[in-house]
Structures are given as C-alpha cells and as structure tokens.
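This report describes the fold of the protein shown below.

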Amino acid sequence: MADFVGAIDQGTTSTRFMIFDRAGTEISRGQIEHRQILPAAGRVEHDAREIGENARKTIDVALANAGLVASDLAAIGIANQRETVVLWDRATGEPVAPAIVWQDTRTAADLRELDADLLRERTGLPPATYFSATKARWLLDHTPGLRARAERGEVLFGTIDSWLIWNLTGGELHVTDVTNASRTQLMNLSTLAWDPVLLALFDIPEAMLPTIRSSAEVYGTALGTVPLAAAIGDQQAALFGQTCFEPGDAKCTYGTGNFVLLNTGTTPVRSTHGLLTTVAYKFKSQLPVYALEGSVAASGSAIQWLRDQLGILESASDSETLAASVDDSAGVCFVPAFSGLFAPYWRPDARAAIVGLSRFHTSAHITRAALEAICYQTRDVVVAMAQDSGTELDCLQVDGGVTANELCMQLQADILGVPVSRPAVAETTALGAAYAAGLAVGFWRSEDELRANRREDRRWTPTWAPDRRTEGISRWHKAVDRTLDWV
C-alpha cells in the first residue's frame, strides 16, 4: 500500500513538488524557479512550457531525494497560482502565446466598459485586471488569427491547473476545478457553471473552455498509474492545509502576494467592503464551501524588488537582519503598489511610492518599511473582513515563505493587535493540495484526522501600545492616499 501523497505547488516564482506522510510531515521536495518575463511596465508573463517542464523535473527530484518511486504515492494533488492565463494548441499541446500572469495590468483600460454590479452579482468579483477573462480576451484580440482558431475549438484556455493536468495526463484531460474557475470571472458563483452572459460580455468562445470539476476527485492518472486527485487554487489550498474547515476560521498566506481567506460556510457572503467572494473548495458531490478573500498584490515581491531592482539586499532573507538593525522605520512608509492596489481599495491606477524620506534615512529604514507594508496591507484586509462577516479575529493563522521572517511576523502581531500563529509545516499550500488528494482516494478518512495533524511551531503576541498602533495606521493610510490617481 502506498504510504505517501505528493503535491505540486505551482507558484508565481517557482514550482515545487512535495511529498507528505500520513502525519502531514514533509518527506521530500524538489523546487525550481522559473523566469519572470517583464516586457514592459505593467506586463508580467511566464513561459508555460517552462512551467510544465519544471513540474516534471521537481517530481523526479523529490522522488529521488526520498528514495521513492511513483508507485509509493497514493495520489497527487495540484495547487497553483490563480488567474494566470495559458492558451495552447489542442493538437500539438504547445502554448500559442506567453502566459499572462495575475499581476499583469495591461487590460486596465478595458475595465471601464464592464458592469461592476453584474460582475459582483454573478461572480463575487469586482472589475479588475487581476482576473483571467480580460487577459484571455486580450490574447484573442492581439494575436493574429487566434480568435478564429479558438472559435473552431483549435485553441484551449486554462489557468495553470488546467495546463498541468493536460500535460500530466498526456493531453487526455482538459478540466479545471471550481476554485480556479471562480477566479476567471466567467463562472457563475451560484450555478458553478460557465455563464453565457459572462462569456458574451468578455467575448470568450465556450469551445475553448475546460470542463469544471470538483476540487477533490480522481481526474485521471499521472506518472503512469498514480491517481491525479485534486486541483485547487493556491490560496484555497492553504486554507485547507491550515485545516480552516469551520465558518469563521481564517488564514493569511504570504508569498509573492498576500492573501487572507475567511471560511464562510456553504452560503456565499457578498462583500460590501472591497473583498472577494470566492469558492473555498468543493469535494466530490458535497456542497461547495465559500470564503471571503482579501488579495494583496505585493508582499514578498516587494522584498524581491529591494533585492533585484535596487540591490539593497543580496538575498530576501537579509531583509530581517537589515530591518532589525534599526528600531523602527523612522517615519518612512513604503506602499508597494507595483500592480495597483488590490483589496480593499481596488485601484489599478495606484503606483508604488516610498514617502517620508530625509537624508537621515538608510536602506535599513526602507527595508523595515517594506516589512511593515506587508503587515499594514494585511490589517486593511482583516478590518474589511470583520466588517463584512461580523466576526472579529482573535488569532491569525499564517503560512508561506515570508513567515520565516520572524521580525515581520512580530510586526504583524503588533499592527493587528492579535496573536499570529505559524504551523510546524509552513508550506500549507502544498499540504492542502496533498490533503485534498488524499481525502479523494481515502488515504485520509476525515477532516478530523487532518485537524489532529496540525501542530503550532511559533506564536507571536502584540507588544505595541495602542497609541503607537493608531499612529502607524494613520501614517500608512496617508501614504496610501499619495499613491492614487497616477494614471
């Protein structure tokens, strides 16, 4: 009997394959970064072919590192960066254009023609460059001959989950799950089906769309005989990996962006405070579970910008040491609105800014301000979430790469005014995909069994006085105001 479950965690900057045992303990991993293609301001692209190849390589590496073979895996699940669009040739399986990444803002001018009320009612989402539909339409309109081919069914559309499933099953399956479909702005949130009104609004041929399936069921086989048994958007996967199974449970994942999700149960809660209503997960024939989500475009990517564009840091991990060399940011605020501001503002016209500088300030102050920005953006979302749900947060469960920065997590507790809890397995995105796949094939029997696996690694409690917190929040909001109306 197979003793392990594998998970592909395909993120914005890298692809990893992780192997877990029954206790939810990581046994092995393989990880490969992929190129960030930046052809112009506001444009972010990936090479889908590179991502597909890296997924295969990371599986081989993780199995080899653990001395395992494919038959040792009971199932494989997929968690993926959401909203990123891939179009490929049905016959050859080759991408017909670069993948347009969720951060890309090239379609900002197209938003003015969209009916915000219609979109929110049918999809739970506001008009934004973030989502997949405008990206797909842009490719169809700007690639010669592509729309006609798509209408004939020769070109397929998919988010990254669909692309990976197509590749791992040798082109046999063109499917997506409800969580990823809910982020395209083409699926009706109530019916969980492609919506004819939305397809007409965005001028997307239905012939190119994948079949919508649940988040956890056996879609087919990969690596010869291993059940491919889950596909779930990365943030929803992290919610599941944190075992946030009850209404009111919330988590925040810190990666390239920053994402807070609150489980709202089987009834969608419509936001009036700038949040997204989305599908959290759906397992086989069970009712879907919904979530409120606050999406922040730039968190870890702000640290990458300090490293790659400014050269302030040699590595992202240096940010903690440099920021800790000063007591505070000395009045500096950094608003990393490189792709505009997402929740709760939804301002694609915003542009990044560092304000409050004097000759006194150093790279250490700017770096500390970048860490604070991650935390202030999270607080903005948590406040909106409490207003929508009527539920006050008493602890924030956190995961993702940035949680390794212990200064940042202390700042998060200080700025929120509530404790922050990091689990022993910080990479809960992959763990959630593994849990979903394992449940689908009976490797784990119940959600209670998964809850029993969760172990806390570290907890941070607030240390700031209320006056300091209030002053910092006020300064942050003044800085946010200065980023608006630049385009």
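## Basis of the description

Helices (H or I, at least four residues) and strands (E, at least two) are DSSP runs, numbered from the N terminus. Axes are lines fitted to C-alpha atoms, for helices over the stretch in contact, and angles run from 0 to 180 degrees between N-to-C directions; contact means heavy atoms within 4.5 Å.

The model is predicted: local features need pLDDT of at least 70, side-chain atom pairs count only at pLDDT 80 or more, and totals for chains, interfaces and linings use all residues. Residues are numbered from 1 along each chain as its sequence is written, and side-chain values use heavy atoms, with hydrogens and water left out.

An open sheet of 6 strands has the order E3-E2-E1-E5-E12-E11, with mixed pairing (two strands pair if DSSP finds at least two bridges between them). Strand E3 (26–33) and strand E11 (216–222) are at the edges with a single partner strand each, so one side of each has no neighbour in the sheet. On average, neighbouring strands are turned by 25° against each other, direction ignored.

E11 and strand E12 (residues 226–233) run antiparallel and are joined by 4 bridges; glycine 220 has leucine 228 of E12 as its bridge partner. Helix H1 (residues 48–66) lies across strand E1 (4–10), strand E2 (14–20), E3 and strand E5 (73–80), and runs at about 150° to E3.

## Overall dimensions

The protein contains 15 helices and 21 strands. Its radius of gyration is 21 Å, close to the 23 Å given by the globule rule for 487 residues, so the protein is as compact as a globular protein of that length (the radius is taken over C-alpha atoms; the rule is 2.2 Å times the number of residues to the power 0.38). The C-alpha trace spans about 60 × 50 × 45 Å along its principal axes.

Of the 487 residues, 61% are buried, that is, under 20% relative accessible area with a 1.4 Å probe, protein chains only.

## Helix H3

Helix H3 (residues 132–142) is mostly covered, with 9 of its 11 residues buried. Among them are Lys135, Arg137 and Trp138. The covering elements include strand E6 (86–89), helix H4 (146–151) and helix H7 (196–202).

## Packing of H11 and H15

Helix H11 (residues 363–389) packs on helix H15 (residues 466–481) at about 90°, with axes 11 Å apart. H11 is therefore roughly perpendicular to H15 (65 to 115 degrees). Contact residues include Tyr376 and Arg379 of H11 and Trp476 of H15.

How values were computed: Angles under 35 degrees count as roughly parallel, over 145 as roughly antiparallel, 65 to 115 as roughly perpendicular and the rest as oblique. Buried means under 20% relative accessible area, exposed over 50%, partly exposed in between (1.4 Å probe, protein chains only).
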